[in-house]
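Hi there,

Here is the structure I promised to pass on. Have a look at it first, and then read my notes below.

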Amino acid sequence: LATTVFFIGWELRQPRPLLDLAIFRHKEFLAGSIVMLLFGGAFYGVMYLLPQFMDAILHFSPITSGVLFTPSTLVLAVLVPLVGRFSDRMAPHWLTLPGLAFAIWAVCRMAQADWNTSFASLALSMALLSVGMAAVPPPTLSRSIAALPPRLIGYGSGAINFALQLGGAFGTVTLVAMLDRRTLAHSDHLTAGLNPGNDMARRALSHLGEVLGRTGVDATHRRAAAEHVLSGIDRIWATIYAYQDGFLMVATALVAVCLPSFLLSRWGARAADR
């Protein structure tokens, strides 16, 4: 934060700045930068959470996890050229808002995933997310940079791409910290339920004791073994709930993208009319 403040103060005093901050006086460009910042945080957040979820909860191999992204790649291959063709013919929000709706739907699906979620379900979610990946950045970049005067276009191109990467960095860091804290919170909540007064916990321990007995565990150690297994199950569910919270955070960020995306389109249309 300190170096950012220093950088802004330095650039404002330079006759030929590395980053001309005048680009942010154009509200269309400012709205587009906010879109890319938030979208970058959401996109890179999913790219962090989903492989981690597949490894930690579903125990997919790296190759299986890679294959999961194949349908989304095909969706991008089809949609990106089409979005590029139509982005110059219609207002951006006719592309970005439906794309964001698909992306929000996809991440909400991911937020319901647990250890019973299938490969096909996650692959479908990634394909739906790819609709947003294809529909949001191209028209946003095009309309934002077009709002700048020619002398600022070079600055704008670099700055708005930096906003995407910056959002990804902050989004990933936030999710890493949140995942750790939410896992602990859910673990504490679930562990608190493992007490003699909880009928569900007693039934679970009794059932696990019977299962362990059939596998040959001695009766004197059966209770302790059942408690160990049940606490392990609780740890897994605490992790699952934390991942679900992370996906919901990403969905919230995507919802927040809708407003600046719509404003960018409206402001750009008014500027074109003038």
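Leu 82 counts as partly exposed, because its relative accessibility is 36%, which falls between the 20% limit for buried and the 50% limit for exposed. Please keep in mind that this is a predicted model. Leu 82 sits in helix α4 and belongs to a nonpolar surface patch, together with Val 78, Phe 86, Met 90 and Trp 94. Taken together, the patch residues have about 480 Å² of accessible area. Which helix gives the most to the nonpolar patch? That is helix α4, residues 70-86, with three residues.

Ser 265 is another residue to look up, and you will find it in helix α10, which spans residues 219-273. Is Ser 265 buried or exposed? Ser 265 counts as buried, because its relative accessibility is 1%, and the limit for buried is under 20%. Leaving aside residues up to four places away in sequence, Ser 265 touches Ala 91, Pro 92, His 93 and Arg 143.

Now to the aromatic rings: the structure holds nine aromatic pairs. One of them joins Phe 24 and Phe 29 in a tilted arrangement, with 5.7 Å from centre to centre and 55° between the planes. Within this pair, Phe 24 counts as partly exposed because its relative accessibility is 31%, whereas Phe 29 counts as buried because its value is 0%. Elsewhere, Phe 53, Tyr 243 and Phe 247 are linked into a cluster by ring pairs.

Methods
Residues numbered from 1 in each chain as written. Predicted model: local features only at pLDDT ≥ 70, side-chain atom pairs only at ≥ 80, totals over all residues. Heavy atoms only, no water. Patch = residues over 30% accessible without salt bridge, like charges linked within 9 Å, V, L, I, M, F, W, Y side chains within 5 Å. Areas by Shrake-Rupley, 256 points an atom, 1.4 Å probe, with all protein chains shown as cover. Salt bridge = Lys/Arg side-chain N within 4 Å of Asp/Glu carboxyl O. Helix = DSSP H or I, 4+ residues; strand = E, 2+ residues; numbered from the N terminus. Buried < 20%, exposed > 50% of the residue type's maximum accessible area, 1.4 Å probe, protein only. Contact = heavy atoms within 4.5 Å. Phe/Tyr/Trp six-rings, centres within 6.5 Å; stacked < 30°, edge-to-face > 60°.
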